Amino acid sequence: MANFSRRALLVGGAAALGAIAANRFRGHLPTQDGTTNLSTPMDGSILNDASELNPTPIFKHTRIETDLGNATVDAVRAEIKAAQNEGRAFNIGAARHSMGGQAIPRDGRAVTFNNGTVELDKANGLYKVHAGARWSEVIKTLDPAGFSPKVMQSNNDFGVAATFSVNAHGWPAPLGPMGATVREVEMVLPSGDLVTASRSQNADLFRHAMGGYGLIGAITSLTVEMAKNKRLTPTFEEFDAKEFGTEFTDALADPAVNMAYGRLNVDRANFFEQALLITYRDAEDQTDLPPAAGSGATSHIASRLYRSQLGNERMKRFRWWVESEVGPMMGGDATRNSLINEPVVTLDDRNPERVDILHEYFVSPDRFPEFLEICRRVIPASFQEFLNVTLRFVDRDPDSILAYAPVPRIAAVMSFSQELTQRGEADMARMTRNLVDGIIGIGGAYYLPYRQHPTVEQFRRCYSGAAGFADFKRSIDPERTFRNNLWDQYIGKV
Ligand SMILES: Cc1cc2nc3c(=O)[nH]c(=O)nc-3n(C[C@H](O)[C@H](O)[C@H](O)COP(=O)(O)OP(=O)(O)OC[C@H]3O[C@@H](n4cnc5c(N)ncnc54)[C@H](O)[C@@H]3O)c2cc1C
């Protein structure tokens with residue numbers, strides 16, 4: 001019963017991700033006449049990402065599956081050197097779930113880090129991890145020892161260095177982005193030098209590489225803080241969406257709360273009118289913690305419910321009823337590791353005409369009512385199907401040069417279903433720019449790993465550190481060898 005509840009409440013995340021994963025393998029591309037084509041698979045000549053909307057020619061694709069030893073460093077150095085000799089771009093990726101070519105070097109040498117080892121340092125509450133390790137591997141090592149990742153995304157498929165490189169956030173609270181939990185990284189610079197970077201050693205490199213989208217160095221390992229794994233008990237509260245910023249801030253002032261997220265209703269008639277806040281505190285019984293669970297059959301049922309919302313307002317209202325009325329009645333305890341050990345479920349929406357696309361916006365809690373107004377004005381006026389929004393808290397990020405949370409912010413993770421046509425793409429671009437304009441107007445920011453629809457000017461206004469970042473990058477990489485679409489389309493232009 002408890003397991004069903006947990007899965008049901010996480011359905012938005014899991015199902016959204018599942019659909020994205022399914023799309024990834026399906027490989028549909030919009031064409032001029034609005035029909036769909038199959039894209040070329042990820043085989044070395046064309047690289048794509050989770051959106052399947054970025055097929056990009058590359059020169060060579062190398063997969064590296066190694067450990068914390070010198071072999072990884074040597075292999076990476078060789079690729080960088082070769083790219084420099086050829087005058088090509090170089091870039092490393094991991095799970096390739098970014099959606100705007102952020103891990104793709106056009107006509108260049110792409111490296112994919114697969115898997116990796118994890119070494120525990122229990123005495124210091126740390127672990128050292130190979131850059132390409134996925135969070136599922138980290139949890140597998142930490143869980144039997146009674147530990148848990150301190151901050152990671154809501155799913156376990158992503159690479160650890162990639163998480164640092166986008167400075168991702170999760171829903172452990174009240175913490176900052178994942179970079180806040182990283183003590184040091186080892187990386188190969190464009191010069192070929194292997195350096196250690198931390199807040200006290202090569203601090204400039206550390207701050208630029210955190211959220212630096214692979215443009216500063218090729219990270220080979222990281223030393224990261226871990227938390228204790230715990231059994232947690234959820235609490236559910238429903239209120240007017242306008243109250244969410246205040247309610248969330250008040251809830252997180254309770255030091256007993258260590259995981260938290262929110263939801264808003266998404267049916268068009270009552271769009272973003274109601275909010276649900278789910279907070280987790282330590283359960284009384286901390287004995288005999290079960291091993292971290294994976295996805296079960298109920299996850300698939302919940303995913304079906306999520307998917308059935310497409311074009312169906314009644315199902316959107318029904319899902320909200322399940323989340324807000326049924327979920328609290330069935331709420332049960334779960335361990336921290338079980339809550340975050342959720343894979344990107346491969347649930348195909350069986351709709352070759354559409355693709356799931358994520359957006360994410362960061363706003364201060366006190367501007368949340370204005371954020372709601374912006375969304376109500378812009379989103380229902382588009383042709384996009386809005387399926388889900390999850391709300392998280394991200395504490396101030398004092399480190400990263402490209403920080404999206406220079407002050408504490410609420411993160412709104414949105415999932416859309418987009419028609420795979422030129423008009424669907426044009427509508428998505430128009431809607432995104434309108435949303436970003438509104439968000440900038442209330443001092444917020446948009447997240448960089450998704451579709452690259454905002455304008456360069458919008459990027460510049462959201463990320464005040466961008467010009468300084470670009471100068472620093474040019475100083476350590478004069479030939480601009482470390483490049484991807486984020487550099488080509490935005491950072492290299494500021
Ligand atoms: C379904 C889904 C769910 C998501 N959920 C969340 C969430 O809960 N919270 C959140 O904050 N974000 C979330 N995201 C965004 C996600 O965190 C980023 O897309 C992240 O980059 C994905 O990791 P990846 O392994 O796929 O990275 P990739 O796309 O492979 O790479 C991302 C970036 O990291 C760089 N990089 C990768 N490895 C290295 C390395 N070794 N050295 C230097 N640079 C490197 C790449 O060059 C690239 O710029 C989600 C995305 C999707 C698609």
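**Backbone features and the ligand shell**

Asparagine 167 is found in the loop between H5 and S11. In this predicted model, asparagine 167 has a positive phi of about 50°, although this residue is not a glycine. Asparagine 167 counts as buried because 29 C-beta neighbours lie inside 10 Å, where the cut-off for a buried residue is 20 or more.

The loop between H5 and strand S11 (182–188) is also the place of proline 174. The peptide bond that leads from alanine 173 to proline 174 is cis, and its omega is near -5°.

A positive phi, near 55°, is found in asparagine 115, again a residue other than glycine. Asparagine 115 lies in the loop between strand S7 (109–113) and strand S8 (118–121). With 17 C-beta neighbours inside 10 Å, asparagine 115 counts as partly exposed.

The ligand is surrounded by 36 residues, of which Ala94, His97, Ala162, Ala168 and Gly214 are the closest. At least two residues of this shell come from each of helix H2 (11–26), strand S6 (90–93), helix H5 (160–166) and strand S13 (218–228). The most is given by H5, which supplies five residues. In terms of domains, the shell around the ligand draws at least three residues from domain 1 (2–20 + 230–460) and at least three from domain 2 (113–228). By residue class, the shell consists of 20 nonpolar residues, 15 polar residues and one charged residue.

Note on methods
Residues are numbered from 1 along each chain as its sequence is written. This is a predicted model: local features need pLDDT of at least 70, side-chain atom pairs count only at pLDDT 80 or more; totals for chains, interfaces and linings use all residues. A residue is near a molecule or strand if its C-beta atom, placed from the backbone, lies within 6 Å of it. Helices (H or I, at least four residues) and strands (E, at least two) are DSSP runs, numbered from the N terminus. Ala, Val, Leu, Ile, Met, Phe, Trp, Tyr, Cys and Pro count as nonpolar, Asp, Glu, Lys and Arg as charged, and the others, Gly among them, as polar. Domain bounds come from an automatic or database domain assignment. A residue is buried if 20 or more other C-beta atoms lie within 10 Å of its own, exposed if 12 or fewer, and partly exposed in between; C-beta atoms are placed from the backbone.
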